[in-house]
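I opened my notebook for a friendly look at a few helices and the side chains around them. Here is what I looked up.

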Amino acid sequence: MGAGAVALPPGRDLAPDRTGRHGARPLDAGRRVSTRLAARSAADDKAGVMVALNPFRDPAGTAARLGVNVKFFFEGEEEKGSPHLRAILRAHGEKLASELWVMVDGPRHTAGYRTMVLEVRGVVDVGITVYGANRPLHAGNYGNWAPNPALRLAALLGSLKDAEGRILIPDFYDDAVLATAAELAEITKAPSMDATRQSLGIARTQGGGKLHGELVLLPGIEITGLSAGTTDTKAANVIPTEAEVRLDMRLVKGDRIDRQLARLVRFVEGQGYRVLDRAPTEEERLSHPLVAKIVSGFGYEAQRTALDEPMVMRVKHLLESVSPDRLVVVPSTGGSLPLSLFASELGAPMVTIPVVNADNNLHGENENVDPAFLAEGITNIRAIMEDDFSDRWVADPRLRLLWSAYVCALQSRRGSAIFPDGYPRGLA
């Protein structure tokens, strides 16, 4: 790939197959589903890797005429929470220094239009386990007498939100940085999602009439998994000993993981629970009528780039000039990437260019991509690579640019050679 590029193997960062429905050979190169290509992690993030690489070295011989030098940074642990990313960025910060990061990741707007995203939300997984008796009990012999942890957990979860989906945890929204007038204007201009609502079979959405773009600028909590007892052919007349939920907690600009987790713990305690970070002892079971274990996984916070950031304005101009097709500017996407780590360690602004179709079955069976969108994505990324960023849009003439699929990096031709000594350790 030349002296100016660093890359990890494409397709390395795969979401684990938790459905068991990817087929007998989930890692096949790909297969067609209607007019689309389906494969394990086809959209997230094999598509982004290929879209970033193709303009740089096109096998057809039409590689981009680079206006800036290019680095590629492919991080392979995003689906695991990127536990080593901060250390890598810190260790190689000087070599990765830049004025802009361009992320090639995520879905386009649901209406199919080209999209530019300014914020990705933060995320942390939370597990809550509620306990009942210390052994399974017959539902007939002990029902109405022994507490049922499944019912207790259901009541606890039902108290998290009101009928419109607003989170009822005190102070949960207090740290969120409000959208600017310009960001709200972009949200208002975005295409309607009513067709998406109908295609999903949803009669009425939540949010009290707010637009989707407004709602993803707020922190969130969603139930992504529930477990208690058994169902279907494995069902038994047994009161379970415990009930467990997995919560997906999303953060926006201004939120901190520790503060949001502390608010959740206080809320559960306010419902009368003794909260632990481990399973209760027998003594604790006998001493406290309500016991819950709350644990959290690795997470990261949100990152948002201002709409009036000069480099972002330049990218927006480039994307609008390369095609007459509509460009939707999204102040915040609902999904998450560890971009806050790049911001804190490297300090450069970031913009995300999604390339895949929104209905790609992300992290599910038959994850797929529309080849036409991939072609458009390559054209868009090529336009950014070929620009020299030397005009009034950029004040600093020593431009260096970084980017990705899930991260690519660009550096001005006026600078020195990138990584003249070869791939830095830990990044090759």
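I count a contact when heavy atoms lie within 4.5 Å. This is a predicted model, where local features need pLDDT of at least 70, side-chain atom pairs count only at pLDDT 80 or more, and totals for chains, interfaces and linings use all residues. Residues are numbered from 1 along each chain as its sequence is written, and side-chain values use heavy atoms, with hydrogens and water left out.

Entry one: Arg197. I found Arg197 in helix α6 (residues 194–199); helices (H or I, at least four residues) and strands (E, at least two) are DSSP runs, numbered from the N terminus. Setting aside neighbours within four places in sequence, I see Arg197 in contact with Ile202, Ala203 and Thr205. Its side chain makes a polar contact with the side chain of Asp194 at 2.8 Å (a pair of N or O atoms within 3.5 Å; within protein, one must be able to donate a hydrogen and the other to accept it, and residues adjacent in sequence count only if both atoms are side-chain atoms). The Arg197 side chain also reaches the backbone oxygen of Ala203 at 3.3 Å.

Entry two: helix α4. I asked which residues of α4 (residues 149–158) are buried. They are Pro149, Leu153, Leu156 and Leu157, where buried means under 20% relative accessible area, exposed over 50% and partly exposed in between (1.4 Å probe, protein chains only). The face turned away from the buried side carries the exposed Leu151, Ala155 and Gly158. I also noted that Asn148 caps the N-terminal end of α4, with a side-chain oxygen 2.9 Å from the backbone nitrogen of Ala150.
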